[in-house]
Amino acid sequence: MLFLALETSCDETSAAVFRDDLTILSNVVASQTDLHAHFGGVVPEIAARAHLRNILPMIEEALKQANVTLSDINCIAVHNTPGLVGALLIGVTAAKSLSLALNLPLISVNHVSSHIFACRVAAARDIFPCVGLVVSGGHTSLFHCKSALEFELIGGTRDDAAGEAFDKVAAILGLGFPGGPALEKEAALGNPQAHAFPRSFIHDDSLDFSFSGLKTAVLYALHGVGNAKGPFPGPGARRADLAASFQTAVVDVLVSKCDKALRQTGLKRLAVGGGVTANKTLRAGLEKMCAKRGYELFIPPMNLCTDNAAMACLAVEKYKLGRFADLDLDAEPNSIGV
Ligand code: ATP
Ligand code: MG
Ligand code: FE
């Protein structure tokens, strides 16, 4: 049985074909990075228009690479939440049109749940129950994942997402867009101990995150505040040291909160997804913590970490339970359901 899935939640237009045994036959992604770079961030209106241009070519390419045609497809899946509403709407409308025209069942999938399910696909074996961490441009969330379709939110960011903090600090340091990869490159040249940046709530039992104070601390360290001394050296601070110290502060908090979540839930498996998972310091930090404590760590390969349609194969689980969507399915900017 074959599924065609669509992803348009932010600035990647993606289509994928997969089987009900979770074998991915194709997963094509059109990135819009170049369109948004000039503005230093994703512009929702531009993103929606680019999805509209890209969605049909992506569907055609996904079918071609899978060596199938539309008539071979048995079910349509789409990420309908969360994300930019105008962007999501393109995928949702395309999916509903295909469902209606081809008389195929339609399944809606939560994009954040999919980021965790990408670990299940990559591992090719069961990963549930587990603690799930999603670290991306829009999310820093910890879940108690009881099964593929039962996620309980146990922690989240109170302000910026981790990826957003990477992007904003990269902008502060003049490193351009997208900020995450650029900041990681710069950090490799610096001393992570140069600045003692804040690690919010690190000694707290809460599983919540906050990154906005850290971002401000980098800004003060760069420009100086008053007669800045101590953690705020002011002008003259080396950019690479600021980047390295920022990155290590984010990683310390993420690793510590994952450890705390695992201890609080008593679970032994950690599944991590989202674009920030590309960060090598984060991967190394999580690997070290999990090895020390005897936890099993699941991190998908890069192409399944960043936004893509193949991770929507969570739809297979919903199909088995007969959880279909109707043609009145809507794009939901705030996360709802699984
Ligand atoms: P969401 O999934 O929350 O809707 P999104 O679509 O922006 O948001 P992704 O595409 O999963 O998320 O991830 C993009 C984010 O990952 C950006 O904020 C980017 O800066 C960050 N990122 C990518 N590579 C790295 C890296 N090497 N180090 C740190 N952050 C990175
Ligand atoms: Mg993206
Ligand atoms: Fe995402």
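**Exercise 1.** In this predicted model, determine how many residues of helix H5 (residues 162-172) are buried, and which elements cover them.

*Solution.* Step 1: apply the cut-off, by which a residue is buried if 20 or more other C-beta atoms lie within 10 Å of its own. Step 2: go through H5 with it; Ala162, Gly163, Glu164, Ala165, Phe166, Asp167, Lys168, Val169, Ala170 and Ile172 pass. Step 3: this makes 10 of 11 residues buried, and H5 is mostly covered. Step 4: look for the cover, which includes two strands, S6 (130-135) and S7 (140-147). Helices H6 (179-187), H7 (212-223) and H8 (239-265) also belong to the cover. Step 5: past the helix, inspect glycine 174, which follows H5 and has a positive phi, near 70°.

**Exercise 2.** Work out the strand order of the open sheet of 5 strands and identify its edges.

*Solution.* Step 1: the order reads S3-S2-S1-S4-S5, and the pairing is mixed. Step 2: S3 (24-31) and S5 (106-110) each pair on one side only, which marks them as the edge strands. Step 3: from one strand to the next, the twist averages 20°.

**Exercise 3.** State the confidence of the protein chain and the model scores.

*Solution.* Step 1: the chain has a mean pLDDT of 95, with 96% of its residues at 70 or more. Step 2: ipTM is 0.97 and pTM is 0.94.

Notes
Residues numbered from 1 in each chain as written. Chains lettered and ligands numbered in written order. Predicted model: local features only at pLDDT ≥ 70, side-chain atom pairs only at ≥ 80, totals over all residues. pLDDT = per-residue confidence, 0-100. Pairing = 2+ DSSP bridges. Helix = DSSP H or I, 4+ residues; strand = E, 2+ residues; numbered from the N terminus. Axes fitted to C-alpha atoms, helices over the stretch in contact; angles between N-to-C directions. Buried ≥ 20, exposed ≤ 12 C-beta atoms within 10 Å, placed from the backbone. Contact = placed C-beta atoms within 7 Å.
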